[in-house]
Amino acid sequence: MSMQSQDIIKRSATNVLTPAPHVRDKKAEVAKLIDVTTCIGCKACQVACSEWNDIRDQVGHNHGMYDNPIDLSADSWTVMRYDEYQNDESGRLEWLIRKDGCMHCADPGCLKACPQPGAIVQYANGIVDFQSEHCIGCGYCIAGCPFNVPRISQKDNKAYKCTLCSDRLAVGQEPACVKTCPTGAIRFGSKEDMLHYGAERVTELKGRGFAGAGVYDPQGVGGTHVMYVLQHADKPQLYHKLPTDPRISSAIHGWKGWLKPVAAAAFFATLAGTLFHYVGVGANSLPEDEHATEEDKA
Amino acid sequence: MKRHDALLRTPYAVRMSHWLMVICFFFVSMSGLSWFFPSLNGLNSLLGGPQLARILHPFMGVAIFLLLTFMFIRLVRYNLPEAGDGKWFANLGLVLRGEHSDKLDTGKYNAGQKLLFWGIMGLISLLLISGMVIWRPYFAPLFSIPTIRVGLFIHALAGVLLMLLIIGHIYLAFWVKGSVDSMSSGYVSRKWARTHHPRWFRQVAGKKDAP
């Protein structure tokens with residue numbers, strides 16, 4: 001790291017007794033608010049992301065839909081997802097367009113699963129950032145993520161995802177996708193402000209007949225620092241299977257939670273057992289045999 | 001070297017498999033611990049640092065599996081359950097106190113050793129299967145993310161259980177004096193065989209080099 005942030009509030013695979021530098025952790029939490037209802041699907045954010053981050057994905061194939069590239073990759077940190085939804089209540093066909101990418105969870109599953117100290121960090125402003133030079137390419141972050149976001153590069157075997165332009169934020173700029181969005185569908189500011197603005201948008205949408213409108217800020221992962229305004233917030237799965245109630249999987253919780261202290265106790269108990277046994281019983285040597293024959297002495 | 005005054009307990013090929021596996025197991029278990037307990041992260045420097053250890057760990061794990069497969073083929077017939085195994089467990093207290101009793105009349109491997117044998121073979125199979133599911137970049141992309149999550153949990157759990165078994169195995173080899181010879185030179189003294197494995201002693205001693 002050439003630049004120190006000294007506001008790291010979470011660090012992967014790090015003992016609570018040895019936290020990362022966080023004297024400057026008083027920053028306000030930030031958030032990106034993506035208003036799906038005003039997005040026109042132009043993909044300017046995808047282009048801005050590639051440009052600013054200097055990543056060039058391979059030109060893909062046409063899959064018979066607007067989604068291109070077809071999925072997130074180590075070189076595409078955000079992609080637009082297009083879904084056609086036949087709304088039976090209104091009788092209208094709706095085109096639901098969602099900008100997919102890292103949600104920057106308050107309780108990040110990737111960071112919880114990561115086995116390498118400092119390969120994933122969370123800053124005081126809420127951004128979850130991969131420190132690629134520490135990445136070991138195990139892919140545990142992929143298993144930990146409830147949103148299926150991180151991707152391993154085939155070039156260098158390291159995991160990549162959206163940084164929320166942490167480098168731009170550090171010098172007082174907004175993320176590249178926000179800067180470039182022509183309709184203002186992507187907003188950026190403090191989490192508090194974005195929730196406030198989102199609530200206004202929801203009121204407006206409800207007034208226009210979208211009774212299920214709402215802000216997507218899932219509490220199962222402690223809330224996120226990328227939020228959506230959805231016209232159908234009661235059915236988030238409509239938006240390219242956005243999870244209704246995302247949580248860190250119980251397998252990951254078990255593995256990184258109770259299994260560790262139980263295993264540590266088992267190791268100590270086993271080692272202590274051998275010590276107590278050996279000192280208590282003594283070596284298991286062959287018995288002194290009064291009738292030993294020549295062959296036994298061999 | 002063939003010895004006429006002792007009994008061959010473990011043939012050369014099995015002994016070599018065992019020790020090659022020990023070398024691999026040492027590195028694989030240390031790197032595994034380095035990821036399971038982050039505070040022990042430094043252990044992966046034994047394999048050249050975190051990145052290199054992550055690459056080497058699964059290959060050495062497969063080597064362990066292959067060596068164990070060979071040992072399984074060579075040893076399974078001595079480790080099949082028998083009627084006397086129950087008696088051994090019933091007298092576990094006696095065994096742990098190191099009191100030798102003729103009434104157990106143990107064969108080539110006692111019931112505890114058989115349990116270890118099947119425990120190791122079962123856990124290494126679980127480790128191989130779960131290890132394949134989580135092995136990047138080669139095999140993990142073939143599996144769904146929920147499957148990989150279960151694989152990660154099972155791999156960690158089976159790894160811990162296997163290490164616990166191996167700690168017990170190392171301790172018992174250290175406790176019962178003369179056991180290590182059966183895996184190093186391969187030979188044990190007649191008295192050792194008669195004391196610890198009397199039925200096996202009668203089987204082999206009665207054959208060609210009986211007194």
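Student: Which residues in H2(B) does H1(B) meet?
Tutor: Among them are B:Ala53, B:His57, B:Ile64 and B:Leu75 in H2(B), and the H1(B) side includes B:Val14, B:Phe25 and B:Ser34. Contact here puts C-beta atoms, placed from the backbone, within 7 Å. Helices are DSSP runs (H or I, at least four residues) numbered from the N terminus. This is a predicted model: local features need pLDDT of at least 70, side-chain atom pairs count only at pLDDT 80 or more, and totals for chains, interfaces and linings use all residues. Residues are numbered from 1 along each chain as its sequence is written, while chains are lettered from A and ligands numbered from 1 in the order in which they are written.

Student: At what angle do H1(B) and H2(B) pack?
Tutor: About 145°, with axes 8 Å apart. Axes are lines fitted to C-alpha atoms over the stretch in contact, and angles run from 0 to 180 degrees between N-to-C directions.

Student: New topic: how many residues does the contact take from chain B and from chain A?
Tutor: Chain B gives 39 residues and chain A gives 38 residues.

Student: Which helix has the largest share of the chain B side?
Tutor: That's H6(B), with 14 residues. H2 (50-75) and H8 (190-196) of chain B also give two or more residues each.

Student: And what does B:Leu152 touch?
Tutor: Leaving out residues up to four places away in sequence, B:Leu152 touches A:Tyr140, A:Ala143, A:Ala251, A:Trp255 and B:Ile134.

Notes: Two residues are in contact if their C-beta atoms, placed from the backbone, lie within 7 Å.
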